[in-house]
Amino acid sequence: MYDAPLNPMKDQLKNVYRRDQRYWARRPLTRDMMLYAAADVLALVPQVYNAMTRSVAVLWLKLWKGPATAVVEAVSFTVITTFTEGVNSIWS
């Protein structure tokens, strides 16, 4: 569904859960339960990271587009003004 790798323990624990519906209600969690849960979450880390990176990139562009454009315009104005003043001083 998310192009994430499947949890290698999924089938094994699915069978256990079918036999015992209260399996995940038990505390403390067994080592196998913790490994299964960690593998489930770990498989999603690259997808979550990539989705967040894309979201931040869009936000970053929105935040910096205005100031960056203003800087480019200011530098362009300065370069053009300096060039024009230089040319005018040569021709005067």
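Is arginine 26 buried, exposed or partly exposed? In this predicted model, arginine 26 has a relative accessible area of 43%, and it therefore counts as partly exposed, a class that lies between the cut-offs of 20% and 50%. The side chain of arginine 26 meets that of aspartate 20 in a salt bridge, with an N to O distance of 2.1 Å. The structure holds 1 salt bridge.

The overall fold provides the setting for this contact. The protein contains 3 helices and 0 strands, and its pattern along the sequence reads α-α-α. Helix H1 spans residues 10-19 and helix H2 spans residues 31-42, with proline 28 in the loop between them. The peptide bond that joins arginine 27 to proline 28 is cis, with an omega of about -5 degrees.

Leucine 29 also has its place in the loop between H1 and H2. Its relative accessible area is 32%, so leucine 29 is partly exposed.

Of the 92 residues in the protein, 8% are buried. The accessible surface amounts to about 8,100 Å², and carbon and sulfur atoms account for 68% of that surface.

Terms used. Residues numbered from 1 in each chain as written. Predicted model: local features only at pLDDT ≥ 70, side-chain atom pairs only at ≥ 80, totals over all residues. Heavy atoms only, no water. Salt bridge = Lys/Arg side-chain N within 4 Å of Asp/Glu carboxyl O. Buried < 20%, exposed > 50% of the residue type's maximum accessible area, 1.4 Å probe, protein only. Helix = DSSP H or I, 4+ residues; strand = E, 2+ residues; numbered from the N terminus. Areas by Shrake-Rupley, 256 points an atom, 1.4 Å probe, with all protein chains shown as cover.
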